[in-house]
Protein chains: 2
Amino acid sequence: MKLAVIAILLGASLAYGQQQGDFKPATSNVLDAEYPKVDSSSRVEIRFKAPDATKVKLNFWSGPKVDMEKQADGFWTVTTPPMAPGLHYYTLNVDGAEVSDPASTAYFGGSKWASAVEVPEAGVNYYEPTDVPHGQVREVWYHSSVTGTWRHALVYLPPAYDTQTKTRYPVLYLQHGGGEDETGWIRQGKANFILDNLIASGNTTPMIIVMANGYASRAGYVVPDLTGKPFGSPEMMKVMQERMGAFEDDMTQALIPFIDKTFRTLPDRDHRAMAGLSMGGMQTFQVTFDHLDLFSYIGGFSGAANVFAMGNNKLDTKTAFHGAMADPAAFAKRVHLLWIGVGTDEPARMKSGLESLHAALDEGKIQHVFYESPGTNHEWQTWRRDLKDFAPRLFQSAGQKSASAQER
Amino acid sequence: MKLAVIAILLGASLAYGQQQGDFKPATSNVLDAEYPKVDSSSRVEIRFKAPDATKVKLNFWSGPKVDMEKQADGFWTVTTPPMAPGLHYYTLNVDGAEVSDPASTAYFGGSKWASAVEVPEAGVNYYEPTDVPHGQVREVWYHSSVTGTWRHALVYLPPAYDTQTKTRYPVLYLQHGGGEDETGWIRQGKANFILDNLIASGNTTPMIIVMANGYASRAGYVVPDLTGKPFGSPEMMKVMQERMGAFEDDMTQALIPFIDKTFRTLPDRDHRAMAGLSMGGMQTFQVTFDHLDLFSYIGGFSGAANVFAMGNNKLDTKTAFHGAMADPAAFAKRVHLLWIGVGTDEPARMKSGLESLHAALDEGKIQHVFYESPGTNHEWQTWRRDLKDFAPRLFQSAGQKSASAQER
């Protein structure tokens, strides 16, 4: 109490951005960077040097957008209200320039190397490196005859891959969201640590995870000039559709054969899954339903086929997806898992799209899992939880699978 | 000629940063970013949106530092004179804030995720992905009892590693420079492609390359507050020395045992090399000369033991390095390769330090290689060339080694 009084008397220094509390440097900071800081009530303090700027704004993409306050030493500071746990993208607007914070690790999101701050979730370590056997993440380059280029992908191999050299493994193809790239699931999502911990706990089948770049262009395709076309414009959607098609061909004609040739996979549909977040969820529905000969596990994390249109245009399970769901019993036999998830704090359009899909599947008696991540937005904490719920359901025998209380 | 006249008449538009010539988006840009652009005479054009800024400066760390010009549309532009080939770090100063260009891939340098532009070198593709067998880069995490933490390293494995499962390989430990991290040699240096191409050409022994993070702190060590202490201050040097010692212990006590346990290495000094650039070169000299029982190949790329002090304090080969060089013949037998290199356009202090070391080694009749990269600065193009010259000299029989014309 006395300290608090002294702190009030020293108000000038408090106004300089020095908050009371137990603020510590975020784990997402670069080495030795003191800011951003996070306290035990999940408030975030940001500090940024811009001595000659007139205005600096902090822009959390799914969180507070606030003006920062200029201090006498040329630094701008601000402290946010308590935030949800997880990794939050942000940028800083400096006199109209949208830039990253040099104190933050750079994460590829929003089509650029953006900043983010990791807000710990109390009592949770499933996405941390713990004292369990660790798998390896490999970078591979494969030549794609679809794109005519060398393409980069990341591949997670489970802990025992190098020592049990006779074992073959099932494969999960796991895709990032719009504006992200193949590094997202490792850097932001910590998918490798999530799998290490799940496998060590004994309830998840050791598997290979392949993370490809979801943006592909067919050889010779020239992106039209989109200058002045707004996000989501018909011209932009056409580019996106062209790229979705190119990605589908790249994945099925170049990537999967490369992976099955390069790693000890179980190269059949019963041992191949695909999931993705947001745009990656849309891609998952497109690729898997076009190629049910290749996949038998399907996951849409905050994104699935056509979810944006679903508010008005409910999925008809009798005709959708080339009629794959027309016979619910046959579908349940063919597709071992259909999984969709959404964060309860996601934007209404996203939530209603997934909920509408869920309702349509229920109505059509299509066996599926619907998972809701409590209190999280269209952000990586939702997708980390999705993977934690999704991965243990993969490549299980039929008996184990139907034992899950959340199955529908 | 007529076009040029029209261009002059349209001068207003030319002044808007639209240069004549054959400018193309740099390969270092993020997907779909039109700028930075590079033309065939190696000029670089930068464009950056900052509508409300008063002043924007372009700062190439080893190149032009120039004011950018504000255009009517809120973008700032500038075109540089022709630049040396290679990857050039830069930042932008926006009203006093030093920030990265969102159009550039982020490369970890200067202790932050900085921007860089790749200027092609005509007629050269040794660091590009070509149609040869490709090795894989693996991310590994190892627990270090020295630091008390999980540490991240990258490991390049040669193309045949997975298929020739009986073969064991020599290992090169390859370190980044000050302010960089373990990703530098792959992202900036393209070491994997350099090795792929060298191995495919048949004149380089297939090897494993291990890239660790050169910054380590012993468990419990607290970095003192360096606020207000200038770069290179005694307080900062003390932190650096402490970290150099911690890194040496981490490397010899945690990393090397982990690598030899995890990969099919040839775990002896005859098959273990270390090299590094700048700070990494200093670390290489410290680690290898303290542990000649572990290493027999040594490379200093624009950095070596104590080079900064050498202008005044010439190396005495009779006493230096615990007397390891006192007997030149014995040293040549024990250390199979001592290699130092520098770019001819590096800052005088760096160049004179390496030249002085080279002269002292000549004077002491110490067999070594001195390599000069023509026309390049303290930058990655120097270090790519260094690796291209250094790697083929590793793990060769004595007969092959002495055949090199550049040996001294």
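**A walk through a predicted two-chain model**

Met83(B) lies in the loop between β7 (75-79) and β8 (86-94) of chain B. Strands (E, at least two residues) and helices (H or I, at least four) are DSSP runs, numbered from the N terminus. This is a predicted model, in which local features need pLDDT of at least 70 and side-chain atom pairs count only at pLDDT 80 or more, while totals for chains, interfaces and linings use all residues. Residues are numbered from 1 along each chain as its sequence is written, chains are lettered from A and ligands numbered from 1 in the order in which they are written, and side-chain values use heavy atoms, leaving out hydrogens and water.

Is Met83(B) buried or exposed? Its relative accessibility is 11%, so Met83(B) counts as buried. The cut-offs are simple: buried is under 20% relative accessible area, exposed is over 50%, and partly exposed is in between (1.4 Å probe, protein chains only). Which residues surround Met83(B) in contact? Setting aside neighbours within four places in sequence, they are Ser42(B), Val44(B), Phe60(B), Pro64(B), His88(B) and Val119(B). Contact means heavy atoms within 4.5 Å. Now look at Ser41(B). It is 42 residues from Met83(B) in sequence, but their C-alpha atoms are 8.2 Å apart in space.

Val44(B) leads on to a sheet. Val38(B) stands opposite Val44(B) in β3(B). Strand β2 (residues 37-38) of chain B and β3(B) run antiparallel and are joined by two bridges. Two strands pair if DSSP finds at least two bridges between them. Strands of a sheet pair through backbone hydrogen bonds, either parallel or antiparallel. In chain B, five strands form an open sheet in the order β1-β2-β3-β7-β6, with antiparallel pairing. β1 (24-25) and β6 (69-70) of chain B stand at the edges with a single partner strand each, so one side of each has no neighbour in the sheet.

Turn to chain A. Five strands form an open antiparallel sheet here, in the order β1-β2-β3-β7-β6. Its edges are β1 (24-25) and β6 (69-70) of chain A, each with a single partner strand. β1(A) pairs with strand β2 (residues 37-38) of chain A over two bridges, in the antiparallel sense. There, Lys24(A) has Val38(A) as its bridge partner.

Next, find Thr147(A) in the loop between β12 and β13 (149-157) of chain A. Thr147(A) is buried, with a relative accessible area of 8%. Its side chain makes a polar contact with the side chain of Thr149(A), at 2.7 Å. A polar contact is a pair of N or O atoms within 3.5 Å; within protein, one must be able to donate a hydrogen and the other to accept it, and residues adjacent in sequence count only if both atoms are side-chain atoms. Beyond four places in sequence, the contacts of Thr147(A) include Ala216(A), Arg218(A) and Asp250(A).

Finally, see where the chains meet. The contact takes 47 residues from chain B and 46 residues from chain A. About 3500 Å² is buried between them, and carbon and sulfur atoms give 58% of this area. Buried area is the accessible area (1.4 Å probe) that two parts lose on being put together, summed over both. Six salt bridges link chain B and chain A. A salt bridge is a side-chain nitrogen of Lys or Arg within 4 Å of a carboxyl oxygen of Asp or Glu. In one of them, Arg187(A) joins Glu139(B), with the closest N and O atoms 3.0 Å apart. Glu139(B) is also the bridge partner of Val137(A). Strand β12 (residues 136-144) of chain A and β12(B) pair in the antiparallel sense over three bridges.
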